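Here is a structure to look at.

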Amino acid sequence: MSDGQDCDVIVVGAGFAGLYMLYRLRRAGFRTRVFEAGSGVGGTWYWNRYPGARCDVESMEYSYSFSDELQQDWEWTERYAGQPEILRYANHVADRFGLRPDITFDTRVTQAVFDEEGRRWRVTTDTGETVLASFVVMATGCLSSTNLPEFEGRDSFLGETYHTGRWPHGGADFAGRRVGIVGTGSSAIQAIPIIAEEAAHLTVFQRTPNYSIPARNAPIDPAYVREIKAEYREFRARNLRMHAGFGSKVHHNDAPALSDDPAAREANYDARWHHGGFAFLGAYNDLLRSREANETAAEFVRERIRDVVDDPEVAERLCPDNVIGCKRPCLDTGYFETYNRPNVELVDAGERPIERITPQGIVAGGREFDLDCIVFATGFDAMTGAVLGIDIRGRGGKTLKQMWDAGPRTYLGLCTVGFPNLFLITGPGSPSVLTNMIVSIEQHVDWITACLDDLRRTGRATIEATRQAQDDWVDHVNAVAGVTLYPTCNSWYLGKNIPGKPQVFMPLIGFPPYAQKCAEVAADGYQGFDLD
């Protein structure tokens, strides 16, 4: 396609969202072009290759449901799939459905400008190419824009530096090296046990301790696989009725935590702890609504940390004092046990903050730690970073960054006022990161495809959210969050990990009512949208 030549839809990103969006649009007869910054498909799983990278949703659920043949043919090897296996799956999907010819790799979209007179988008890439399209779909992912804090002297370090979200494809060799890792979020909790086994010495700089639950990962049980595959359609349907779009095989207790006596409550938590995974937070129905109930679960986890970590002082520094679940809990394999190793040191960067980085290492609390390598496990500018990293200009030349200056505002997490024919997949204001992401992706892609098909059938050129519908939706998202404990933490759900980012709770809590609302909006002639 030469510069300026039309297509119907441009999709930005070739992760799980972009691949499925391309698949659906092609089947619906839309001329589609996908731009991908990486050299291959996979999105999050293409970039995040750090040691121990693994999904926290079970393999049989963290997979596409749109093709029964794909579900039946693909064989997962572990209960929780690791990054290499998930990336193989993404490549298998791209090849099985012949998606690569419509994907332009190693190409980053830099600008998208809406032409009001022509009612189409002009999209420009870093290779200098310009393409015109009626619609643009942002499949850029919720966790794809890396956060690298501006530590004083960061670029002066003479050793090797890494970020977990942009790991070198050739890997990293830590054998015999002095390694420092900054951060103790999900990526760090997965990477630390593996790096510790290889490094001569590992120094962990922890600003805020995190709750983590054992994953109990293992080779997947063939009998369990046969059971799921025998009723995959029904299994998926049950998951769609679950709060987060997965976990229907796990018993979710509808009783409040304080309805059990302490011994029964302890036994319930203990059984779920040994089962592993997110089943732990399904122990009672009020763990994310009642501080008193939540504290019973939080203290159980703290006691497990104290049981595992030999040094009582280190154990206490690893014990969080906030609400469990207000940040997405981490799943681990041997994380807390790692602090019993003689070559691992924990630095409390909350009490002894990182002051600067020097050519030789990191200075924290007045002490310099000599290092050969630094790993930044400092997370992402979540949910908005990748979208706002593109110069997107809508009506009147207003940029999306300007319109979201006080925080992201969307209708249904799908569209935003002033930007006709621009769709977001799992955008802020949708359940997204509080769900099994592939379930949310499929629901959004199916809705967008049906919407574009309806517009084509009825001869409508544009669709745009109304101001009133968007304002009401933002109020609704905030109201739902306000009756829970989610907003009580300094989490990336609120953007609190990014200096200067507006403090807004971004995801919507509750997948089933959200999906029902989207269906109702479409059935009611796209209520809350202006159609031209």
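Contact means heavy atoms within 4.5 Å. This is a predicted model, in which local features need pLDDT of at least 70, side-chain atom pairs count only at pLDDT 80 or more, and totals for chains, interfaces and linings use all residues. Residues are numbered from 1 along each chain as its sequence is written, and side-chain values use heavy atoms, with hydrogens and water left out.

Q: Which residues is Thr-124 in contact with, leaving aside its neighbours within four places in sequence?
A: Thr-124 is in contact with Arg-108, Val-109, Thr-110, Gln-111, Glu-129 and Thr-130. Thr-124 itself is found in strand E5 (residues 120–125). Helices (H or I, at least four residues) and strands (E, at least two) are DSSP runs, numbered from the N terminus.

Q: Why does Thr-124 count as buried?
A: Buried means under 20% relative accessible area, exposed over 50%, and partly exposed in between (1.4 Å probe, protein chains only). Thr-124 has 19% relative accessibility, so Thr-124 counts as buried.

Q: Why does Arg-26 count as partly exposed?
A: Its relative accessibility is 31%, so Arg-26 falls in the partly exposed class. Arg-26 lies in helix H1. Not counting residues up to four places away in sequence, Arg-26 touches Phe-97, Gly-98, Leu-99 and Asp-102.

Q: What makes strand E1 (residues 6–12) largely enclosed by the rest of the structure?
A: Six of the seven residues of E1 are buried, so the strand is largely enclosed.

Q: Which strands pair with E1?
A: Two strands pair if DSSP finds at least two bridges between them. Six bridges join E1 to strand E6 (residues 130–138), and the two run parallel. Val-9 has Phe-135 as its bridge partner in E6. Four bridges join E1 to strand E2 (residues 32–35), also in the parallel sense. There, Ile-10 stands opposite Arg-33.

Q: What makes a β-α-β unit right-handed, and which elements form one with E1?
A: A crossover is right-handed if, with the strands pointing away from the viewer, the path from the first strand over the helix to the second runs clockwise. E1, helix H1 (residues 16–27) and E2 make such a right-handed unit.

Q: Why is the pair of Trp-273 and Phe-300 called edge-to-face?
A: Rings of Phe, Tyr and Trp (its six-membered ring) pair if their centres lie within 6.5 Å; planes under 30 degrees apart count as stacked, over 60 as edge-to-face and the rest as tilted. By this rule there are 42 aromatic pairs. The rings of Trp-273 and Phe-300 have centres 5.8 Å apart and planes at 75 degrees, so the pair is edge-to-face. Trp-273 lies in helix H8 (residues 262–275) and Phe-300 in helix H9 (residues 291–308), so the pair ties together parts 27 residues apart in sequence.

Q: Are Trp-273 and Phe-300 buried or exposed?
A: Trp-273 counts as buried, at 9% relative accessibility. Phe-300 counts as buried too, at 3%.

Q: Which charge lies over the face of Phe-300?
A: A charge sits over a ring if NZ of Lys or CZ of Arg is within 6 Å of the ring centre and within 35 degrees of the ring normal. Arg-304 lies over the face of Phe-300, at 4.4 Å from the ring centre. Arg-456 lies over the face of Phe-30, at 4.0 Å.

Q: Where does helix H5 (residues 186–198) bend?
A: The bend is the angle between axes fitted to the seven residues ending at a residue and the seven starting there. H5 bends by about 35 degrees at Ile-192, and Pro-193 follows within four residues.
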